[in-house]
Amino acid sequence: MSALSPEALVTLDGIASHQRLRTSRIASVLGNRLGSSALDYAVAHHLLEGAEHAARARNAGHLAWYRKTTTRDLPHLSVGSHLLLSPRPGDLLRSEISETAYYLVGPDTSPAPPEAHGLVRSALASATEHGFGTLLTQHAPVICLLNHRRLDETLHSWALTRLPGTVFTDYTAHPEVLARDLIHEAAHNWLNDALAARDVSLPADVTFFSPWRESPRPVYGFLHACWAFSLTVLYARQARRSATGALASFLDAHLRQQEGQFASAVDSLAEALPYVSANALRDRVSHAVSKAVDSA
């Protein structure tokens with residue numbers, strides 16, 4: 001495959017139609033008039049989950065809100081084509097399905113503070129400058145900022161399969177660090193949508209050692225790590241060129257760490273990729289990792 005830009009890497013036929021179909025089905029269940037954008041897709045899953053919570057709690061007011069609300073009703077939470085959420089720690093929810101914390105947009109959701117808006121705008125601008133704007137628009141349209149951290153503290157971020165298009169992440173004062181983590185989690189959302197759009201089923205009983213987890217991981221988790229970390233490497237390599245001071249040191253450390261991780265993973269990736277039955281998707285993952293391993 002010839003060299004692909006970051007934007008070309010995350011352009012894959014079928015993903016947009018998959019998102020529109022899922023959104024239409026949720027809108028039908030809720031009985032509302034959601035649109036067909038990537039933001040509608042992400043918000044639809046918040047509304048569906050919220051409606052279920054409200055129904056279980058017999059909260060008629062909240063159930064009505066979740067059934068009638070669309071993205072057009074949420075301009076107070078918008079940052080461009082994204083929604084920005086900034087919940088208090090006590091607002092995070094836990095599920096019987098998973099211990100991973102999450103948050104749902106709801107009738108009581110307040111706008112994030114102005115400084116958060118500025119940070120997110122700068123992070124999105126940095127990601128766009130280096131070719132990842134489309135990825136974040138399509139696969140991280142809902143951004144949930146969690147805890148403010150220093151550069152020398154551990155940063156946590158995650159995405160949930162039942163809330164596609166939403167990214168949960170800690171953040172620092174540096175927009176480039178936020179951009180890196182948004183790209184990482186958006187990559188996970190992209191791969192989930194791509195696998196669904198191409199009807200790819202991966203075996204659960206085949207594992208490969210993941211240097212990122214330091215343990216064997218099923219094909220699904222191993223490929224997710226290879227794909228998401230390769231995109232953060234491609235972004236960090238570009239952002240590092242204009243970085244100075246503590247940020248430059250942070251990005252250098254990230255790139256050194258990933259160099260070692262990928263050195264331990266590339267042979268296993270060659271064995272894992274044949275399990276991806278969609279040629280175009282398999283080529284995207286292979287190409288991204290090859291570019292990440294290339295230190296030029």
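# Briefing on a predicted protein chain

The protein chain contains 10 helices and 7 strands, where helices (H or I, at least four residues) and strands (E, at least two) are DSSP runs numbered from the N terminus. This is a predicted model, in which local features need pLDDT of at least 70 and side-chain atom pairs count only at pLDDT 80 or more, while totals for chains, interfaces and linings use all residues. Residues are numbered from 1 along each chain as its sequence is written, and side-chain values use heavy atoms, with hydrogens and water left out.

**Overall form and surface**

- A compact globule of 296 residues would have a radius of gyration near 19 Å, and the protein chain, with 19 Å, agrees with that value; the radius is taken over C-alpha atoms, and the globule rule is 2.2 Å times the number of residues to the power 0.38.
- Taken along the principal axes, the C-alpha atoms of the protein chain fill a box of roughly 55 × 45 × 35 Å.
- Of the 296 residues in the protein chain, 52% count as buried, a word that means under 20% relative accessible area, whereas exposed means over 50% and partly exposed lies in between (1.4 Å probe, protein chains only).
- The accessible surface of the protein chain comes to about 13,700 Å², and 48% of this belongs to carbon and sulfur atoms; such areas come from the Shrake-Rupley method with a 1.4 Å probe, and for residues only the protein chains shown count as cover.
- Among contacts between residues at least 6 apart in sequence, 69% join residues at least 24 apart, a contact being heavy atoms within 4.5 Å.

- Q19 lies in helix 2, which covers residues 15–30, and Q19 is buried, with a relative accessible area of 5%.
- When its neighbours within four places in sequence are left aside, Q19 is in contact with A38, Y41, Q138, H139 and D193.

**Charges and salt bridges**

- The protein chain has 26 positive and 28 negative side chains, and the centres of the two sets lie 5 Å apart; Lys and Arg count as positive and Asp and Glu as negative, while His and the chain ends are not counted, and the place of a charge is taken as NZ of Lys, CZ of Arg, CG of Asp or CD of Glu.
- Side chains of opposite charge can pair when their charged atoms come close.
- The structure holds 8 salt bridges, each being a side-chain nitrogen of Lys or Arg within 4 Å of a carboxyl oxygen of Asp or Glu.
- One of the salt bridges joins the side chains of D91 and R88, at 3.3 Å from N to O; D91 counts as partly exposed at 25% relative accessibility, whereas R88 counts as exposed at 59%.
- D170 forms a salt bridge with R149, and the closest N and O atoms of this pair are 3.5 Å apart. Because D170 lies in strand 5 (residues 166–171) and R149 in the loop between strand 3 (142–148) and strand 4 (157–158), the pair ties together parts that are 21 residues apart in sequence.
- Within that pair, D170 is buried, with a relative accessible area of 2%, whereas R149 counts as partly exposed at 25% relative accessibility.
- The side chains of D252 and R240 also meet in a salt bridge, at 2.8 Å from N to O. This pair links distant parts of the chain, with D252 in helix 9 (residues 245–272) and R240 in the loop between helix 8 (219–239) and helix 9, 12 residues apart.
- Both partners are partly exposed, D252 with a relative accessible area of 27% and R240 with one of 25%.
- Salt bridges that share partners join R150, D152 and E153 into one network.

**Residues in loops**

- D199 has a positive phi of about 55° although it is not a glycine; D199 is placed in the loop between helix 7 (175–197) and strand 6 (207–210), and counts as exposed at 68% relative accessibility.
- E214, also a residue other than glycine, has a positive phi near 55°; E214 lies in the loop between strand 6 and strand 7 (215–218), and is exposed, with a relative accessible area of 64%.
- T154 is found in the loop between strand 3 and strand 4, where T154 is exposed, with a relative accessible area of 56%.
- T154 and D170 are 16 residues apart in sequence and 8.9 Å apart in space, from C-alpha to C-alpha; with neighbours within four places in sequence left aside, T154 is in contact with R149 and D170.
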